[in-house]
Amino acid sequence: MTGTDEDFARPKWKRWLLNRFVLVPAFLILVTTGWNAWVFTHNHGIVAGRVLDAKGAPVEGAEVKLWAFNFTTFSVAASTMTKPDGSFQFDNNASHNIQVSAEKPGLGRSARVSIRLYFRAEDLQLKEPLRLTDGA
């Protein structure tokens, strides 16, 4: 038997199901469905993180600002204060191009951290804390 004869020896339904004209679209549908499910479960607009001082201790009462890109510049879209453990959270961020920074009088300020999200309102937990530096 040649390769072609073996192909025709398989049941017709198996030949139909295992050809590239079925497998490629099925794969694309599966990937698209998976991505949309991921987006649907991770699009609450939550941006969270922590603020630490220069020594690594949590900072309570630091002002954290969320900056959103608006065509040409970044502007403050929201502001919040840190909790006793140094944590903060923004809800309902609608942008995908943001920056966050923190400041507390007497302790200093952090650098602005630029963040590019994959989609609008993506939930994000900052991997690195914002660190306040003296006199910055």
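Hi everyone, let's start with the overall layout: the centres of domain 1 and domain 2, taken over C-alpha atoms, are 43 Å apart. Keep in mind that this is a predicted model. Domain 1 covers residues 5-41, and domain 2 covers 47-131.

Let me begin with helix 3, residues 20-41. Its 22 residues should span 32 Å at 1.5 Å a residue, and the end C-alpha atoms sit 31 Å apart, so the two agree. What caps the N-terminal end of this helix? That is N19, with a side-chain oxygen 2.7 Å from the backbone nitrogen of F21.

Now to the largest nonpolar core, which has 16 residues. The members touching the most others are V51, V64, F88, V100 and L130. Strands 1 (47-52), 2 (63-70), 4 (87-90) and 5 (97-104) each give two or more residues to this core, and strand 5 gives the most, with three.

Last, the aromatics. There are three aromatic pairs. One of them is W35 with F119, an edge-to-face pair at 5.8 Å centre to centre, with 85° between the planes. W35 belongs to helix 3 and F119 to the loop between strand 7 (113-116) and strand 8 (124-125), so this pair ties together parts 84 residues apart in sequence.

How values were computed. Residues are numbered from 1 along each chain as its sequence is written. This is a predicted model: local features need pLDDT of at least 70, side-chain atom pairs count only at pLDDT 80 or more; totals for chains, interfaces and linings use all residues. Side-chain values use heavy atoms; hydrogens and water are left out. Domain bounds come from an automatic or database domain assignment. Helices (H or I, at least four residues) and strands (E, at least two) are DSSP runs, numbered from the N terminus. The expected span of a helix is 1.5 Å times one less than its number of residues. A polar contact is a pair of N or O atoms within 3.5 Å; within protein, one must be able to donate a hydrogen and the other to accept it, and residues adjacent in sequence count only if both atoms are side-chain atoms. A nonpolar core is a set of buried Ala, Val, Leu, Ile, Met, Phe, Trp, Tyr and Cys residues joined through side-chain atoms within 4.5 Å. Buried means under 20% relative accessible area, exposed over 50%, partly exposed in between (1.4 Å probe, protein chains only). Rings of Phe, Tyr and Trp (its six-membered ring) pair if their centres lie within 6.5 Å; planes under 30 degrees apart count as stacked, over 60 as edge-to-face and the rest as tilted.
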